[in-house]
Amino acid sequence: MTSASKTTSHRPQRSLRLTAGAVAAAAVGWSLVAVPGAAAAEQAEPGAELVFEQTAEPIEGVRPGDPAEVSFAVKNKGDAPATRVVLYLGGSQGLEYAKKYSNCVYEEAPAQDEGPARTNAVCDIEQTLEPGVVYEPGEPIGLKLLDRALYERLDVNILAGVNTFPDGTQHGGGADPVLKLVARTTPEAPGTVHGGELGVDITAENTADFALTGSKVRGAAGRTVEAKVTFANKGPAWARNDVYGPIGVFDVGIPEGTKVTGVPEFCEPAEAAATYRCTTPYNYADEDSERAYVFGLRIEKVVAGATGKVAFVKGDNRWGTLPFDKNRTNNTAEIVVNESGGGASSGGTASGGTTGGASGGTGGAANSTGGSGAGTQLDELAETGTTDGTLLAGGAAVVLLAAGGAAVAIRRRTS
């Protein structure tokens with residue numbers, strides 16, 4: 001097994017898929033999430049086939065607080081008019097809609113089933129889209145980048161023949177004018193590529209400070225102590241990986257003279273001797289979130305100042321290069337056992353109990369310990385995978401492919 005494969009093997013990452021029938025099943029109480037593959041073949045209306053021109057360019061060079069605009073072109077590629085058209089918009093959690101159209105319903109969807117929080121909209125397009133015609137929104141979809149914005153994405157999908165709004169557009173939407181689609185007068189360029197959904201990546205000029213904290217413990221030979229290592233994202237941005245794997249990956253060196261008796265969840269032996277590789281549970285970390293990894297260490301032999309190094313792992317993707325982290329002073333830490341000079345250090349215990357780092361308790365399977373600060377996203381989903389009992393995407397929507405299949409993750413922090 002390679003090092004890279006080890007980092008993704010801790011827990012399967014699930015994706016959900018809804019058909020058009022599921023969308024039509026509920027007109028109220030809906031919750032939208034990013035799910036892959038809302039293909040045109042799933043549309044309920046025979047003869048109509050709505051597809052997007054795959055021409056949207058990524059948006060870069062924007063900052064938190066800046067506006068951004070996304071436009072798109074959708075074509076009825078079928079041989080019959082498309083009626084009862086519903087447009088789905090799914091924004092990542094660093095985005096906010098600049099306008100609230102009166103024919104759209106909006107929701108701030110919490111993180112669920114290993115996916116991050118979303119800001120979503122469902123729009124009732126009371127128009128007939130004729131075969132062979134290309135349509136564009138009457139104005140671009142306006143967005144605002146929040147303070148937490150970094151690697152963002154807006155996903156767009158559209159279905160025909162869907163009974164999401166059986167009574168028309170007046171369903172408590174926003175106060176702004178109706179979002180309409182208008183027929184484009186210029187001909188479609190030869191060789192235009194179409195697809196069943198559209199995603200636009202938006203990269204903000206922002207940072208996320210990933211930090212590691214170690215601990216110092218003391219104990220006599222034969223004593224078992226708990227050494228805590230803490231991973232934290234100190235913000236200001238949340239960060240997600242650009243591959244289908246954890247965003248934070250780090251190695252924990254085991255101090256000389258000790259034997260591991262308890263391994264925290266999301267850690268396993270690394271290829272290097274006396275080293276464990278630990279990861280965040282999923283592929284993103286919210287700002288102001290943290291997770292503690294508590295190792296049980298039996299002191300086989302007292303070695304004064306025995307030290308194990310903790311450091312992020314180098315690699316080709318964001319989890320290895322941390323391009324968003326401009327503060328590298330806290331990217332390494334140490335576990336120290338029986339530091340020379342006597343008494344316990346700050347955050348340590350003189351008799352060998354748990355040590356410094358974030359506050360937290362223990363948990364996980366037998367022979368495994370772990371903890372976190374109360375209410376933090378990383379620990380909560382490590383235990384439950386969801387924020388509450390709400391059914392994911394409970395009534396309304398086929399929505400929206402997250403970037404490169406990578407928008408899976410943990411729990412939005414509580415405030």
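Rings of Phe, Tyr and Trp (its six-membered ring) pair if their centres lie within 6.5 Å; planes under 30 degrees apart count as stacked, over 60 as edge-to-face and the rest as tilted. Keep that rule at hand for the aromatic stop below.

**Before you start**

This is a predicted model, in which local features need pLDDT of at least 70, side-chain atom pairs count only at pLDDT 80 or more, and totals for chains, interfaces and linings use all residues. Residues are numbered from 1 along each chain as its sequence is written, and side-chain values use heavy atoms, with hydrogens and water left out.

**Stop 1: confidence**

Colour by pLDDT, the predictor's confidence in each residue, from 0 to 100. The chain average is 77, and 70% of the residues score at least 70. Select residues 1–43. Here pLDDT stays under 50, and the model has 127 contacts beyond four places in sequence for this stretch. Contact means heavy atoms within 4.5 Å. Now select residues 343–415. The pLDDT is below 50 there too, with 233 contacts in the model beyond near neighbours in sequence.

**Stop 2: Asn-76**

Select Asn-76, in strand 4 (residues 74–76). Helices (H or I, at least four residues) and strands (E, at least two) are DSSP runs, numbered from the N terminus. Is Asn-76 buried or exposed? Asn-76 has a relative accessible area of 0%, so this residue is buried. Buried means under 20% relative accessible area, exposed over 50%, partly exposed in between (1.4 Å probe, protein chains only). Show the residues that Asn-76 touches, leaving out those up to four places away in sequence; among them are Glu-49, Leu-50, Pro-81, Leu-129 and Val-133.

**Stop 3: strand 17 and its partners**

Move to strand 17 (residues 224–236). Two strands pair if DSSP finds at least two bridges between them. Strand 15 (residues 208–213) pairs with strand 17 in the antiparallel sense, over five bridges. Pick Thr-213: Thr-230 in strand 17 stands opposite.

Follow strand 17 to Pro-236. A cis peptide bond links Gly-235 to Pro-236, with omega about 5°.

**Stop 4: the aromatic cluster**

The structure holds 12 aromatic pairs. Select Phe-210 and Phe-312. Their ring centres are 6.3 Å apart and the planes are at 40°, so the pair is tilted. Phe-210 lies in strand 15 and Phe-312 in strand 25 (residues 306–312), so the pair ties together parts that are 102 residues apart in sequence. Both residues are buried. Now widen the selection: Tyr-151, Phe-210, Phe-231, Phe-250, Tyr-293, Phe-312 and Phe-324 form one aromatic cluster.

**Stop 5: charges over rings**

The charged end of Arg-318 sits over the Tyr-151 ring, 3.4 Å from its centre. The rule is NZ of Lys or CZ of Arg within 6 Å of the ring centre and within 35 degrees of the ring normal. Then jump to Lys-100, which lies over the face of Tyr-106, at 5.1 Å from the ring centre.

**Stop 6: two positive phi angles**

Select Phe-266, in the loop between strand 20 (258–262) and strand 21 (267–269). Phi of this non-glycine residue is positive, near 70°. Phe-266 counts as buried, at 2% relative accessibility.

Finish at Ala-274, in the loop between strand 21 and strand 22 (275–279). Ala-274 is not a glycine, yet has a positive phi of about 55°. At 52% relative accessibility, Ala-274 counts as exposed.
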